Amino acid sequence: MNETGPRLLQGNEACVEGALAAGLRFFAGYPITPSTEIAEICSLRLPQVGGTFLQMEDEIASMAAVCGASLAGAKAMTATSGPGFSLKQENLGFAAQAEIPCVVVDVQRVGPSTGMPTSPAQGDVMQARWGTHGDHEIVVLSPSSVMEAYTLTITAFNIAEELRTPVVLLMDEIVGHLREKVTLDAAGKLPVVDRDKPSCPKELYKPYGPGQGRLTDVPPLAAFGEGYRFHVTGLTHGEDGSPTNNPKVGERQILRIVQKIASRRDELARFEEISMEDAEVVVVAYGGTARSAKKAVRDARAEGIKAGLLRVITLWPFPETRVAKLREMGLKAVIVPEMNMGQYVLPVKRVIGDACPVIPLNKVAGQFIEPKDILEAIKGAM
Amino acid sequence: MASLKELSAVPEVLASGHRLCAGCGAPIVVRQILRGAKAPVVVTNATGCLEVSTSVYPYSSWNSPWVHTAFECAGATASGVEAAYRSLKKQGKVDKEIKFVAFGGDGGTYDIGFQALSGAMERNHNLVYVCYDNGAYMNTGIQRSSATPKGADTTTSPVGKVSTGKRENRKDLTKIMAAHGIPYAAQVSPAHWNDLYQKAEKAFSAGGAAFINAIAPCPRGWRCDSKDTIEMCRLAVDTCFWPLYEIVEGKVRVTYKPRVKRPVVDFLKPQGRFRHLFQPGNEGLLEEIQKDVDRNWERLLAEEALSN
């Protein structure tokens, strides 16, 4: 960080600052609105810190380059939006399977397909979770402010490094292009996590064996070029990385990459709570929409309505435990506003069950959900 | 040879009133190319400035059927359209002659659409693929592409204290397409309209896959005056930065040889994207660019000599 003090920053700019603070040294990308600023700023900033910026020929190649850079030891990131996110999915699955730490930023715009390139949406919530094929778990974080785009990018890198997994930073056009006054140093020196490196003799290294450091279920990752010889493949593999069709070995590997994330659901869960203690109606929101929800809850309270906000920051794995607690509050309703046809409302409904009505509030045509829309829904539920 | 009078009598496929910028090279290329079709055309468009600016709902600038799919798919989409025509013809459901053409910018052609384009060329579909090459991703805000000339300032090859713009060479796409063994490949410039028209005619009657690469200045990205578009095309040709040639069944023919080959700086100087090259200390880079141009030109002439 060269600059201190208050700055007027865009969410996309703050994301790059966060990535650099987390130790980003490699970015590969491809231009796509509304994420392009991230690539542009990386092309300027990375060479200044001895890093590498690569513009690839498409999103498939950018994601492949990020996997390669990470295996060579660099903290690596790419950024894109809906159509590009779709193209990245195969290699995103490769990163999950081969346990390659990396951060994929998706600044959501209206889809499907080309959609509305300059308008905000939150339609990639399920694509972020299930966009690639096969059983896998993935960590998806969603910032609501420019400051949080900064801090959460650091968090994304830390989780990626610690758990040897791709992490998706799911922004939306509202946050990506929003300009806010932020003082990045106010976040203090945030902890930065580096991946575990092998400590065993080189010939005994198992790239997919048990952990040797902090975590027993996350194997250490040597960087190519450090003298460790190992095999990386998208095929189901054993502890030494060699492909296998042995069902026992395969099952062990698949369960481990799923469990290393699923078993940490509660520690990965991040959320912000506003006026939740005595709430009778709770709004569950995330990303840019949570900004409107915050205002709506404040306005409702001013009118004497007991509304609360549960702002979900870790979208996936789903914060099951926290959401389940809403069941015990005797709520009149849970409202889930999102700029899609109703994606995140599905797991919320699954967990709330018949404890209270779960009401979706949706907009899909590029217009953000306004505080008054949510306030109206709150009043309707009382 | 056609006269301007004859050419101006050909009905327009791309209508006026589109939203492309003043001075944009793309619509000039499209209008000149389509004069060579001599039959109804079906247009496929890759994502890019041309696509977004000619299809603002509920309007269309196209007096023809027009298809846009995903960014990387123009080659594949055009292949499908042409294959459907062949099938319908075989079934006796269509008997009139229709020509197929695809337009893509350099980003959609040299980079992300390269794979699909290569497939279309290799399968030798009876279509003409036209790249309007403005040397960067102009639609998303001037990011470098593999068609961006060495030394150009773009938002992802920014010029600063250390960087002097894009370091890599331009990809020679016309030659790569010709290397597919297709019946026709050519490079054209809107400033040389008669040369362009004749090549378009040949491409449309090649009987198989044809590729045309057209230089198409972008005043926004090139940082040149919008009134100088045609002049920039002319300078690109006269400096041999953008030679005009065709490759027919593997034989190279240079269709225009400037009487006086002007130094490449004549082409670079009016463009703001190369301004930094004229600051002290960057003389070496200018020399390097000149050497690249000279080498490519000499090689092209040698290839022509070998073809005879």
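P317(A) sits in the loop between β13 (314–316) and α11 (320–325) of chain A. Helices here are DSSP runs of H or I with at least four residues, strands are runs of E with at least two, and both are numbered from the N terminus. The peptide bond from W316(A) to P317(A) is cis, with omega near -5 degrees.

Some ground rules. This is a predicted model, where local features need pLDDT of at least 70 and side-chain atom pairs count only at pLDDT 80 or more, while totals for chains, interfaces and linings use all residues. Residues are numbered from 1 along each chain as its sequence is written, chains are lettered from A and ligands numbered from 1 in the order in which they are written, and side-chain values use heavy atoms, with hydrogens and water left out.

Chain B has a cis bond to show as well. It joins Y57(B) and P58(B), with omega about 5 degrees. P58(B) is in the loop between α3 (49–54) and β2 (66–68) of chain B.

Now chain A as a whole. It is divided into domain 1 (6–189) and domain 2 (272–381); these bounds come from an automatic or database domain assignment. The C-alpha centres of domain 1 and domain 2 of chain A lie 26 Å apart. How many residues of domain 1 of chain A are in contact with domain 2 of chain A? The count is 28 residues of domain 1, against 24 residues of domain 2. Contact means heavy atoms within 4.5 Å.

Next, a sheet in chain A. It is open, has five strands, and runs in the order β10-β12-β11-β14-β15 with mixed pairing. Two strands pair if DSSP finds at least two bridges between them. β10 (271–274) and β15 (358–362) of chain A each have a single partner strand, so one side of each has no neighbour in the sheet. Neighbouring strands are turned by 20 degrees against each other on average, direction ignored.

Look inside that sheet. Strand β11 (residues 281–285) and strand β14 (residues 333–338) of chain A pair in the parallel sense over three bridges. V281(A) has A333(A) as its bridge partner in β14(A).

A helix goes over these strands. α10(A) lies across β10, β11, β12 (307–312) and β14 of chain A, and runs at about 165 degrees to β12(A). Angles run from 0 to 180 degrees between N-to-C directions, and axes are lines fitted to C-alpha atoms, for helices over the stretch in contact.

α10(A) also has a helix partner. The axes of α10 (residues 287–302) and α13 (residues 371–381) of chain A come within 8 Å and cross at roughly 55 degrees. Ala, Val, Leu, Ile, Met, Phe, Trp, Tyr, Cys and Pro count as nonpolar, Asp, Glu, Lys and Arg as charged, and the others, Gly among them, as polar.

β5(A) and β6(A) form it with five residues between them, and S113(A) in the turn has a positive phi of about 55 degrees. Two bridges join β5(A) to strand β6 (residues 116–120) of chain A, and the strands run antiparallel. R109(A) stands opposite P120(A) in β6(A). E99(A) is in the loop between α4 (82–98) and β5 (102–110) of chain A. Its phi is near 55 degrees, a positive value in a residue other than glycine.

Over to chain B. Eight strands form an open sheet in the order β2-β1-β3-β4-β6-β5-β7-β8, and the pairing is mixed. Which strands of chain B are at the edges? They are β2 and β8 (251–256), each pairing on one side only. The twist averages 15 degrees from one strand to the next. Five bridges join strand β7 (residues 244–248) of chain B to β8(B), and the two run antiparallel. V248(B) stands opposite K251(B) in β8(B).

α4(B) touches β1 (41–45), β2, β3 (99–105) and β4 (128–133) of chain B, and its direction makes about 155 degrees with that of β1(B).

Last one. The axes of α4 (residues 74–90) and α6 (residues 114–122) of chain B come within 6 Å and cross at roughly 35 degrees. G75(B), A76(B) and S79(B) of α4(B) make the contact with A116(B), L117(B) and A120(B) of α6(B). These residues divide into four nonpolar, two polar and no charged.
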